Amino acid sequence: MNVVRANQDYVNKMIGDVTGMKVLLLDKDTMGIVSMVFLQSGLLQKDVYLTDLITQTKRDRMTHMKAVVFIRPTRDSIEALVAELKDPKYSEYHVVFCNKIEDSELRTVAEGDEHEVVQSVFEMFADFYAVNRLLFTMNIPNASILHCDCEQPPFYRQVDGLFSVLLAVKKKPVIRYSAGSKVTRALAQELNKRIERRAD
């Protein structure tokens with residue numbers, strides 16, 4: 001199990017599949033995910049000449065470049081992507097979500113692509129910050145899973161991240177949890193549900 005290599009492989013694949021000069025558009029989460037495993041000079045060697053946040057609206061139009069968009073499938077990121085697609089600044093867009101995207105969100109992106117500049121859409125499971133080969137984090141400040149409500153976003157962010165790690169390292173775990181903890185039981189059950197859905 002090497003979570004750094006898993007994320008490096010995902011980044012290599014998504015930017016390597018797009019030939020020529022390109023721009024890498026990220027959200028605040030994926031900016032951190034990529035910067036943990038790639039230096040700017042490494043991206044430059046892969047013909048990535050600009051890295052920017054998708055929420056940055058004041059960008060020059062560069063129709064000679066292609067855009068690789070790597071974002072978490074959150075409402076804010078999808079809204080920023082749709083706004084970008086309504087006023088495209090690059091010749092084509094290759095969209096990569098770092099976790100599973102719901103059909104309704106995908107439909108929103110498709111409807112926002114009025115200029116038909118999206119060439120591809122993928123899911124790559126790199127929804128975690130790789131600290132070293134055996135250690136990762138979800139980077140959720142002040143959110144202890146043991147003290148959160150199971151219906152709050154930090155809980156689902158933990159499940160999303162754990163599910164992503166399992167897919168990235170291609171492991172199917174035996175899930176155990178503390179019998180006295182409602183939160184760990186809920187986390188284990190939700191994670192198991194996702195694993196079973198993915199197997200179907």
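Q: Where is threonine 51 found?
A: Threonine 51 is in strand E2, residues 48–53. Strands (E, at least two residues) and helices (H or I, at least four) are DSSP runs numbered from the N terminus.

Q: What kind of model is this, and how are residues numbered?
A: It is a predicted model, with local features needing pLDDT of at least 70, side-chain atom pairs counting only at pLDDT 80 or more, and totals for chains, interfaces and linings using all residues. Residues are numbered from 1 along each chain as its sequence is written, and side-chain values use heavy atoms, leaving out hydrogens and water.

Q: Back to threonine 51. Which residues does it touch?
A: Leaving aside residues up to four places away in sequence, threonine 51 touches Leu24, Leu26, Met31, Gln40 and Leu43. Contact here is heavy atoms within 4.5 Å.

Q: And how far apart are threonine 51 and valine 23?
A: In sequence, threonine 51 and valine 23 are 28 residues apart. In space the C-alpha to C-alpha distance between threonine 51 and valine 23 is 5.9 Å.

Q: On to helices. At what angle do H1 and H2 cross?
A: The axes of helix H1 (residues 3–16) and H2 cross at roughly 110° and come within 9 Å. Axes are lines fitted to C-alpha atoms, for helices over the stretch in contact, and angles run from 0 to 180 degrees between N-to-C directions.

Q: What does that make H1 and H2 to each other?
A: At that angle, H1 and H2 are therefore roughly perpendicular. The cut-offs are under 35 degrees for roughly parallel, over 145 for roughly antiparallel, 65 to 115 for roughly perpendicular, and oblique for the rest.

Q: Which residues of H1 and H2 make the contact?
A: H1 brings Val4, Asn7, Gln8 and Val11, and H2 brings Ile33, Val34 and Val37. By class, the contact of H1 with H2 has five nonpolar residues, two polar and no charged. Nonpolar covers Ala, Val, Leu, Ile, Met, Phe, Trp, Tyr, Cys and Pro, charged covers Asp, Glu, Lys and Arg, and the others, Gly among them, are polar.

Q: What about H4 and H5, how do they pack?
A: H4 and helix H5 (residues 103–112) pack at about 20°, and their axes are 8 Å apart. H4 and H5 are therefore roughly parallel to each other.

Q: Which residues are in that contact?
A: From H4 there are Ile78, Leu81, Val82, Leu85 and Lys86, and from H5 there are Glu105, Thr108, Val109 and Gly112. The contact of H4 with H5 splits into five nonpolar, two polar and two charged residues.

Q: Next pair: at what angle do H6 and H7 pack?
A: The angle between H6 and H7 is about 45°, and their axes lie 10 Å apart. H6 and H7 are therefore oblique to each other.

Q: Which residues meet in H6 and H7?
A: On the H6 side are Phe155, Tyr156, Gln158, Val159, Asp160, Leu162, Phe163, Leu166 and Leu167. On the H7 side are Val183, Ala186, Leu187, Glu190, Leu191, Arg194, Ile195 and Arg198.

Q: How many nonpolar, polar and charged residues are there in the contact of H6 with H7?
A: Twelve residues in the contact of H6 with H7 are nonpolar, one is polar and four are charged.
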